[in-house]
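The following report sets out the architecture and side-chain packing of one protein chain. Please read it alongside the sequence and coordinates.

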Amino acid sequence: MQREREERADALDLALQGIGRDDEELPVYQGGREMQGAAGDREEMVYGDTRSFYDQMLDQVGELELDERERYIMEYLIQSLDSDGLLRISIEAVSDELAIYHGIDATPADVEQVLHKLQQLDPPGIGARTLQECLLLQIDRKIADGTHSAAICQQMRLVIAEHFDAFTKKHWDKIQSAMQIDDSQVHTLQRELRRLNPKPGSSMGETVGRSMQQITPDFVVDTQDDGTVTFALNTGDVPQLQVSPSFAQLLSEYQQNKAGMSRQMKEALLYTKQKVEAAQSFIEAVRTRRRTLSLTMQAIVSLQHKFFEDGDEASLRPMILKDVAERTGLSLPTISRVTNSKYVQTRWGTLPLRFFFSDGYKTESGEELSTREIKAALRDLIEGEDQHKPLSDDALSDRLKQMGYPIARRTVAKYREQLGLPVARLRKGGLT
């Protein structure tokens, strides 16, 4: 027994070696205060006793049987919902963010399992990843509730599940032919499908917009009249991060009085050493994160400098993740994670970092144009057209060529669909 105690004491002494000489000056990271006073300058919006969308969702979560880990994932998913109640961030991205920024090890399958539970909450359709899934969730809820005709609900589900493309383009003649139903049934289906809500979050009232749009920017960009653009990392009210001086003092005392300490004291000091190392690792992680964020934002400001000067969306140059990665020396996955769900406050509004990314379109002459610039021009053309004689894709292509955007008809059709704008026949009379 005595020998075992001695071996334990020796092992403890070995583990504690190196403490003292270097630890008298433990590395301390003074947390940045780049945005001191900024919080006080922002106007505080007060909405009385109105409860937020987030609070209403949490009330429902409290009724679910979830373990601590599942509850954390659930709350993270709720915070990731868009203002319309849909989840537009990928399951893989949620899994990555939970692991990297929150220390939660959750596979995409784990996240999806929790998401399915979220989708069972009210209002029906909440947490859907696409419009199609949103509508299917609402139809399935009607079927489960048994408050609507099962036959009608099954037909509605068939339309959305099997004929969704025709449904979005209002090709009811094709749907009617494929489903072999009569005019009366088509009319009933149209009436019932119009009752579904493509934005389930809006059914919770104005609080959804208020709660989801109160975005705290990660960066604040300042544009001077002379064109100088600077930015600051918004650290908010995060305090300075440092190792507690009392811990450093304990380790220093050990170095000076090793011989006179009991085994229990040495064990306590080993515990202290482990905690100090964990604190130092955390501080270093925070410092690395801030450095990564700053490098990324600096690259974006440099690449999109003109936009920060004039706020014109057409000024955005083609920029992809690879461009930022090459400027910063960071990996593509790192840039992807950094720019996901991050916002920047500019003179022209608070914008997601993803706003600044767009593909390029190269003309036959080799000139590279921003697809965002082309889409903006396309949107302006459609919004300014004669609603009684809307322009076809061929006509739009000709107009764009005259404006200096030589793109083909099929490219016009692709961009138009990405903008959510219907074909000419569906725009006639201003009905979109």
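## The sheet and its pairings

Threonine 346 stands opposite glycine 349 of strand β4. The model discussed here is a predicted one. Strands β3 and β4 form a hairpin, with two residues between them, and they pair in the antiparallel sense over four bridges.

Four strands make up an open sheet, ordered β2-β1-β3-β4, and the pairing within it is mixed. The edges are formed by β2 (229-233) and β4 (349-352), each of which pairs on one side only. From one strand to the next, the twist averages 25 degrees.

At the other end of the strand order, β1 (residues 219-223) runs antiparallel to β2 and is joined to it by five bridges. Threonine 223 has valine 229 in β2 as its bridge partner. Helix α14 (residues 263-303) packs on the sheet, where it touches β1, β2 and β3 (343-346). The direction of α14 makes about 160 degrees with that of β2.

## Aromatic pairs

Aromatic pairs number eight in the model. In one of them, the ring centres of phenylalanine 219 and phenylalanine 231 lie 6.2 Å apart and the planes stand at 75 degrees, so the pair is edge-to-face. This pair links distant parts of the chain, since phenylalanine 219 sits in strand β1 and phenylalanine 231 in strand β2, twelve residues apart.

Are the two partners buried or exposed? Phenylalanine 219 has a relative accessible area of 0% and is therefore buried. Phenylalanine 231, at 21% relative accessibility, counts as partly exposed, because the buried class requires a value under 20%.

A further edge-to-face pair is formed by phenylalanine 307 and phenylalanine 308, with 5.8 Å from centre to centre and 75 degrees between the planes. Both phenylalanine 307 and phenylalanine 308 are buried. Ring pairs also link Phe307, Phe308, Phe355 and Phe356 into a cluster.

## Crossing helices

Two packed helices are described by the angle between their axes and the distance between the axes. The table gives these values for two helix pairs.

| Helix pair | Axis angle | Axis distance |
|---|---|---|
| α8 (residues 150-162) and α11 (residues 183-194) | roughly 80 degrees | within 10 Å |
| α4 (residues 68-79) and α6 (residues 108-118) | about 70 degrees | 9 Å |

The crossing angle of roughly 80 degrees makes α8 roughly perpendicular to α11. Ile152, Gln155, Met156, Val159 and Ile160 of α8 make the contact with Gln185, Thr188, Leu189, Glu192 and Leu193 of α11.

The angle of about 70 degrees between α4 and α6 likewise makes α4 roughly perpendicular to α6. On the α4 side, the contact is made by Arg69, Glu70, Ile73, Met74, Leu77 and Ile78; on the α6 side, by Asp110, Val111, Val114, Leu115, Lys117 and Leu118.

Which residues of helix α16 (residues 321-328) are buried? They are Val324, Ala325 and Thr328. Around the axis these residues cover an arc of only 100 degrees, which puts them on the same side of α16. They pack against α14 and α17 (332-339); α14 is also the helix that packs on the sheet.

In helix α19 (residues 393-402), the buried residues are Asp393, Leu396, Ser397 and Leu400. Viewed down the helix axis they fall within an arc of 100 degrees, so they line one face of α19. Their cover includes α18 (371-383), α20 (409-418) and α21 (424-427). Glycine 404 follows α19 and has a positive phi, near 100 degrees.

## A buried histidine in a loop

Histidine 163 lies in the loop between α8 and α9 (164-168). With a relative accessible area of 18%, histidine 163 is buried, because the cut-off for that class is under 20%. Apart from its neighbours within four places in sequence, histidine 163 is in contact with Leu158, Ile175, Ala178 and Met179. The C-alpha atoms of histidine 163 and lysine 174 are separated by 8.9 Å, the two residues being eleven apart along the chain.

Notes: Residues numbered from 1 in each chain as written. Heavy atoms only, no water. Pairing = 2+ DSSP bridges. Axes fitted to C-alpha atoms, helices over the stretch in contact; angles between N-to-C directions. Contact = heavy atoms within 4.5 Å. Phe/Tyr/Trp six-rings, centres within 6.5 Å; stacked < 30°, edge-to-face > 60°. Buried < 20%, exposed > 50% of the residue type's maximum accessible area, 1.4 Å probe, protein only. Arc of directions from axis to C-beta. Parallel < 35°, antiparallel > 145°, perpendicular 65-115°, else oblique.
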